[in-house]
Amino acid sequence: MEQKFPIKKVSLICAKGAIEDVYASLIMANGAVMEGIETNLFFTFFGMDAIIKTRMDKLHTSVVGNPAMRLPGGMRMPSLLGILPGMESLGSIMMKNEMNKLDIPPVSEFLDLITAGGGKIYACKTAVDMFKLKREDMSEHVSGILTIGEFYEHAGGEGAQIIFT
Amino acid sequence: MAQKTYAGVNVDVNEEGYFTNPSQWTKDMAVEIAKEEGIVLTAQHYAIMEFLRNRYTSGDPLSIRSINHSGVIDVKTFYQLFPGAPLKKATKIAGIPKPASCV
């Protein structure tokens, strides 16, 4: 008989704050919750922007130093164009519009969906100290501020995976 | 194509048990499919399944986000009504194909 080893638990780490970095984590976390997989989502360093109330829905993508960035129509975007004022905002707005068409929600709403399904959101102690953040700066969906040791305690279990996006 | 018998009627399903012809579905069948999933249907289950079926029929994508905008129930209740994998279970019981969306 074929043995199966289903994933029962995932713990995702989001350490970067560009739109695509944060959404990679959010989509994977929400997808896990929707599959009935126990889910932890741990934000650290620049990923913290995704759980800071005043910043979470204003994330940007980088249009400079991003060799995969394309213009509408598919032409590669020259890096020099990216330094023009407003280009980063424009690129970010376009990306969010395209995501919205696919029913991918803004960050704040995504956190609502993940936690409504039982997913847990955590902030990194080191990043909180380093950026001098307060609990009230963060989304009410954050269940706790964890040290890395505590993160590993939360991440353990049979069929458990840790994913660094 | 596989077939299953629900409420005494043969219906077409795929290898995962999802209806391939949603028009074959009836509410009596839903009771039996729900039983296979360990769920006892209530009025709330039927209301959200009707929403999902209507969305499917009009060609709108089925996402977890759309549940919050359904005006029927919120996502938290949805997870409670169909524990585990709610969108997969709800569409299976509602006799429509498994959603192809990542959200």
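Predicted model: local features only at pLDDT ≥ 70, side-chain atom pairs only at ≥ 80, totals over all residues.
Chain A, for its part, contains an open sheet formed by five strands. The points below take the helix and then the sheet.

**Helix 2 of chain B**

- Helix 2 of chain B runs over residues 43–57, and its 15 residues reach 21 Å from the first C-alpha to the last, close to the 21 Å expected at 1.5 Å a residue.
- The buried residues of this helix are B:H45, B:I48, B:M49, B:F51 and B:L52, and because they cover an arc of only 155 degrees around the axis, they lie on the same side of helix 2 of chain B.
- An α-helix has 3.6 residues a turn, so residues three or four places apart point the same way.
- On the face turned away from the buried side, helix 2 of chain B carries the exposed residues B:A43, B:N54 and B:T57.
- Just after helix 2 of chain B comes B:G59, which takes a positive phi of about 80 degrees.

**The sheet of chain A**

- The five strands of the open sheet in chain A follow the order 4-3-2-1-5, with parallel pairing.
- Strand 4 (142–146) and strand 5 (160–164) of chain A stand at the edges and have a single partner strand each, so one side of each is left without a neighbour in the sheet.
- From one strand to the next, the twist averages 20 degrees.
- Within chain A, strand 2 (residues 38–43) pairs with strand 3 (residues 120–124) in the parallel sense over four bridges, and A:F43 has A:A123 in strand 3 as its bridge partner.

Key:
Residues numbered from 1 in each chain as written. Chains lettered and ligands numbered in written order. Pairing = 2+ DSSP bridges. Helix = DSSP H or I, 4+ residues; strand = E, 2+ residues; numbered from the N terminus. Axes fitted to C-alpha atoms, helices over the stretch in contact; angles between N-to-C directions. Expected span 1.5 Å × (residues − 1). Buried ≥ 20, exposed ≤ 12 C-beta atoms within 10 Å, placed from the backbone. Arc of directions from axis to C-beta.
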